Amino acid sequence: MKTLRPILPLRIQEKIATFPEFSYGTHRVTLILDDGTEILEVFVAGSDEIIRVGTKEEFSFDITRVVDVRSEV
């Protein structure tokens, strides 16, 4: 059974869509949460779907807390 990957909020997707690609349709970004925490090395397919954080395919932050994003490319 395929696990659904988290989808970023639309306002974050729109910003990621303006960033240069890291590789083959994938973006490497830093997500910024509402408390200022920065999540580094987030790999996003297209501009919406988180596929990996660092070397892990699982993560422990709440996707609804993402307030900003910065390109790592």
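Trainee: Which residue in β3 does F43 stand opposite?

Mentor: Two strands pair if DSSP finds at least two bridges between them, strands being DSSP runs (E, at least two residues) and helices DSSP runs of H or I, at least four residues, both numbered from the N terminus. Here F43 stands opposite R52 in β3. β2 and β3 run antiparallel and are joined by four bridges. This is a predicted model, in which local features need pLDDT of at least 70 and side-chain atom pairs count only at pLDDT 80 or more, while totals for chains, interfaces and linings use all residues. Residues are numbered from 1 along each chain as its sequence is written, and side-chain values use heavy atoms, with hydrogens and water left out.

Trainee: Where does R52 lie relative to the ring of F43?

Mentor: A charge sits over a ring if NZ of Lys or CZ of Arg is within 6 Å of the ring centre and within 35 degrees of the ring normal. R52 lies over the face of F43, at 4.1 Å from the ring centre.

Trainee: How many aromatic pairs does a search of the whole structure find?

Mentor: Rings of Phe, Tyr and Trp (its six-membered ring) pair if their centres lie within 6.5 Å; planes under 30 degrees apart count as stacked, over 60 as edge-to-face and the rest as tilted. The search finds two pairs. One of them, F22 with F43, is edge-to-face, at 5.6 Å centre to centre and 65 degrees between the planes. F22 is in the loop between α1 and β1 and F43 in strand β2, 21 residues apart.

Trainee: Is F43 buried or exposed?

Mentor: Buried means under 20% relative accessible area, exposed over 50%, partly exposed in between (1.4 Å probe, protein chains only). F43 has 7% relative accessibility, so F43 counts as buried. F22, at 44%, counts as partly exposed.

Trainee: What is the order of the strands in the sheet?

Mentor: The open sheet has four strands in the order β3-β2-β1-β4, with antiparallel pairing. β3 (49-53) and β4 stand at the edges with a single partner strand each, so one side of each has no neighbour in the sheet. β1 (residues 26-33) has seven of its eight residues buried, so the rest of the structure largely encloses this strand. Six bridges pair β1 with β2 (residues 38-45), and five join β1 to β4 (residues 66-71).

Trainee: Which residue turns up opposite L31 in β2?

Mentor: L31 stands opposite I39. In β4, V66 is the bridge partner of L33.
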